[in-house]
Number of protein chains: 2
Amino acid sequence: MAPEHDAIDAPTTRAGTMSRKWDRYASRGDPAPLWVADMDFRAPRAVVDAVTDVARRGIYGYADPDAATIAAATTRFREWHGVADADADAVRWLPGLNPGLNHAVRAARRARGAGRVTTATCAPIYPPFSYASRNDEGGKAEVTLRRTIEDGRARYDVDWDALEEALAREDVAVLLWCNPHNPIGRVWTRDEMTRVARLCVAHDVVLCSDEVWRELILDETATPFCGAGSLMDDVDGLRERLIVMTSPSKTYNVAGCDVAMAYVPDRTLRAHFARAGADKAEITPFGYAAMLAAYTDPSCEAWRQRLLETLRANRDRVDAALAEDANARALVTWTVPDASYLTWLNCEALVERVERSPFEHFLEHGVALSDGAPFSAPRAARVNFATTREILDRGLTGIASALASASRRDVSH
Amino acid sequence: MAPEHDAIDAPTTRAGTMSRKWDRYASRGDPAPLWVADMDFRAPRAVVDAVTDVARRGIYGYADPDAATIAAATTRFREWHGVADADADAVRWLPGLNPGLNHAVRAARRARGAGRVTTATCAPIYPPFSYASRNDEGGKAEVTLRRTIEDGRARYDVDWDALEEALAREDVAVLLWCNPHNPIGRVWTRDEMTRVARLCVAHDVVLCSDEVWRELILDETATPFCGAGSLMDDVDGLRERLIVMTSPSKTYNVAGCDVAMAYVPDRTLRAHFARAGADKAEITPFGYAAMLAAYTDPSCEAWRQRLLETLRANRDRVDAALAEDANARALVTWTVPDASYLTWLNCEALVERVERSPFEHFLEHGVALSDGAPFSAPRAARVNFATTREILDRGLTGIASALASASRRDVSH
């Protein structure tokens with residue numbers, strides 16, 4: 001194995017890769033692309049080898065997972081997501097988490113026999129969570145997370161009264177939950193998860209827990225993970241209402257391979273979930289091969305540890321850059337995420353000055369962030385720091401310049 | 001270019017490929033796998049090279065088509081599907097035709113502002129056409145195609161009265177049409193297509209024309225293709241109601257790459273189609289690369305011509321085997337398809353003898369065919385002849401043996 005291929009590195013060029021991240025805003029002055037949630041890093045060597053084997057073979061027909069791949073998926077739910085009795089029959093394959101979120105909303109509606117239901121989420125939230133209710137022509141009950149600020153750093157918690165009020169609504173059939181949470185980077189504690197699960201059971205709401213960021217917890221000693229599936233024994237009635245979803249997509253950077261999976265322990269809910277997802281695209285042979293390698297080749301776990309080191313350093317670099325910048329302290333707040341490669345910038349004071357979306361303002365200063373608007377937070381933006389030091393620094397320079405420019409503006413107009 | 005890689009050939013082993021076609025029934029005595037619609041042949045060399053380049057690069061994030069790929073798609077609609085003024089803005093990317101059919105039904109319903117609509121199809125029909133109405137919790141108006149039999153050979157035509165009756169129903173919002181038709185292999189004539197289009201317009205029904213088999217017309221001189229998009233100038237009102245879909249998936253054997261495309265000329269219908277498909281999986285970077293190579297590399301057209309030769313020979317071999325078999329002439333009818341690599345077996349007399357599904361009966365005799373039941377034809381089965389001579393002959397031996405066994409049965413019980 002050539003070690004240079006298994007380092008946490010990025011190709012020197014992205015020409016011809018049809019990368020959404022690199023191409024979408026290229027015509028806007030080639031900004032540092034710190035937006036959409038994939039990484040600039042190459043997938044681990046074992047994953048690349050497995051995908052390349054599929055490619056070379058030249059057979060790209062319909063694929064089904066073999067016994068080893070099914071076992072790898074089941075084991076993942078058991079060992080990484082706390083599903084003690086994980087059973088292969090409860091695993092449902094998906095071509096991505098976006099389809100899965102949509103299937104979950106439809107399944108919850110079908111389980112109720114209702115024509116229209118409302119979906120609860122905790123905002124700010126990854127846009128497909130909100131879109132899933134709209135796609136099913138249903139309603140949205142959005143619970144705003146509570147923010148605490150200290151020295152510019154923001155930390156989010158659940159507003160329990162608001163969450164209970166939402167879940168108690170007759171029309172709310174499903175809570176789309178994100179743990180760790182995108183975009184605010186919280187790993188929810190066991191107490192918090194238990195409380196969420198109990199509320200869902202008390203109000204007969206399906207709990208759909210998207211745990212795709214679980215393997216990108218940056219310090220598991222500080223913020224241990226509690227998978228929703230680990231609570232089934234403690235919370236009576238959870239098993240009948242639970243959908244857990246994950247994918248190698250974020251950790252191993254294979255979102256384009258179209259592979260993800262759900263764990264649905266209850267047979268009836270699983271049938272609804274399968275039926276509601278009968279319109280799905282195929283899981284690709286590349287995806288199955290990538291998952292099998294990512295989940296079973298020991299070199300991938302070593303790669304993940306190196307990745308976490310890189311991401312911790314980048315997270316801290318973003319934090320330091322903002323903390324040391326008087327303009328940042330005056331104009332934005334930012335998260336220091338427990339998990340993921342995402343920093344969430346709240347830009348209320350900035351927006352007051354520049355009178356436009358922070359996304360547009362940052363873009364004009366050479367850095368493409370994710371626009372907060374579809375996250376239900378139009379005065380925020382999301383930074384993706386899963387990139388090389390050089391690109392990250394270019395992005396941080398853009399952010400600093402955007403903030404400096406805003407600071408110089410006269411606000412008395 | 002190593003010519004042996006660009007011949008119409010199949011790998012000598014399928015071990016480890018997670019092939020649905022090869023693995024699904026392997027435990028049932030390793031039957032000849034002549035079912036699900038992918039081919040045993042390797043994709044063309046230029047496609048394999050393009051996909052392998054993506055694989056080797058190791059960057060599998062979110063992808064968007066580049067200008068060359070968009071141009072290739074638009075050109076395909078213009079040059080192969082008869083859309084004279086094909087415009088890149090009217091192209092909508094899909095991760096497969098199954099999702100696309102589902103989006104079409106939802107789009108037609110949304111365009112009507114209805115809570116529930118009925119979908120018309122002409123049966124027997126590829127199962128996802130029927131499932132799309134069920135997935136949208138709507139109804140199904142199934143028009144049975146008319147069959148004419150001559151010397152055991154079946155040919156299908158439209159039952160125009162029945163089709164008009166179906167389309168005239170108030171609740172019918174969309175016709176899912178298949179041209180060439182899977183499973184019965186008809187290429188519909190310009191007269192037939194015009195009649196279909198006029199009926200859709202007259203009854204305000206969306207015409208969704210799945211033209212994925214268009215590049216597998218086995219003799220275009222005998223059965224020239226008429227794309228629905230070529231009728232827009234002749235049939236007033238068609239433009240506002242038209243969705244055309246295709247993919248390189250069948251012709252170039254890349255169904256597992258998750259790439260397809262729709263052409264929706266009307267802006268309003270296109271917006272409904274996009275909105276109705278917002279739950280879709282990603283189109284993969286492998287898919288975009290495969291499509292670009294398949295549609296632009298001249299060696300792929302040469303490969304396709306060789307493929308057509310192989311498929312014509314196989315079609316005729318299936319036909320001859322059945323025509324020369326007295327049991328076949330007594331117990332089944334079969335199509336000699338204009339297009340595709342599919343022969344449709346109607347097995348009414350066989351079923352009377354064996355009193356079970358033809359699928360089960362053939363499987364027991366060493367050949368896996370597609371079960372007709374989900375095609376709305378439980379007494380039929382579909383033969384996929386896109387394989388090597390050796391495997392095809394093994395399958396034909398299985399079919400002959402199944403028919404001989406049935407012939408020996410006493411029918412007087």
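## Salt bridges across the interface

Chain A and chain B share 12 salt bridges, where a salt bridge is a side-chain nitrogen of Lys or Arg within 4 Å of a carboxyl oxygen of Asp or Glu. One of them links A:Arg110 to B:Glu137, with 3.4 Å between the closest N and O atoms. Side chains of opposite charge can pair when their charged atoms come close. Searching the whole structure over all chains gives 62 salt bridges. As for where the cross-chain pair sits, A:Arg110 is in helix H5 of chain A, while B:Glu137 is in the loop between helix H6 (127–135) and E4 of chain B.

A word on the ground rules: this is a predicted model, so local features need pLDDT of at least 70 and side-chain atom pairs count only at pLDDT 80 or more, while totals for chains, interfaces and linings use all residues. Residues are numbered from 1 along each chain as its sequence is written, chains are lettered from A and ligands numbered from 1 in the order in which they are written, and side-chain values use heavy atoms, with hydrogens and water left out.

## The rest of the interface

In contact terms (heavy atoms within 4.5 Å), 62 residues of chain A meet 62 residues of chain B. Together the two chains bury about 5,200 Å², with 50% of it on carbon and sulfur atoms; buried area here is the accessible area (1.4 Å probe) that two parts lose on being put together, summed over both. A:Met18, A:Tyr60 and A:Tyr62 supply 18% of what chain A buries against chain B, more than any other three residues.

There are also 36 residue pairs in polar contact between the chains, both residues at pLDDT 80 or more. A polar contact is a pair of N or O atoms within 3.5 Å; within protein, one must be able to donate a hydrogen and the other to accept it, and residues adjacent in sequence count only if both atoms are side-chain atoms. On the chain A side, helices H3 (45–57), H5 (97–112), H6 (127–135) and H10 (285–296) are the elements giving two or more residues. H3(A) has the largest share, seven residues. Helices (H or I, at least four residues) and strands (E, at least two) are DSSP runs, numbered from the N terminus.

## Two open sheets in chain B

Seven strands of chain B make an open sheet with mixed pairing, in the order E2-E10-E9-E8-E7-E3-E4; strands pair if DSSP finds at least two bridges between them. Strands E2 (91–94) and E4 (139–144) of chain B are at the edges with a single partner strand each, so one side of each has no neighbour in the sheet. E3 (residues 118–123) of chain B runs parallel to E4(B), joined by six bridges, and B:Thr121 has B:Glu142 in E4(B) as its bridge partner.

Another open sheet, of six strands and also mixed, reads E5-E6-E11-E12-E15-E14 in chain B. E14(B) pairs with E15 (residues 380–384) of chain B in the antiparallel sense over two bridges, and B:Asp371 is opposite B:Ala381 in E15(B).

Which residues does a cis peptide bond join in chain A? They are A:Asn179 and A:Pro180, with omega about -5°, and A:Pro180 lies in the loop between strand E7 (172–178) and helix H8 (190–202) of chain A. In chain B, a cis peptide bond joins B:Asn179 and B:Pro180, with omega about -5°.
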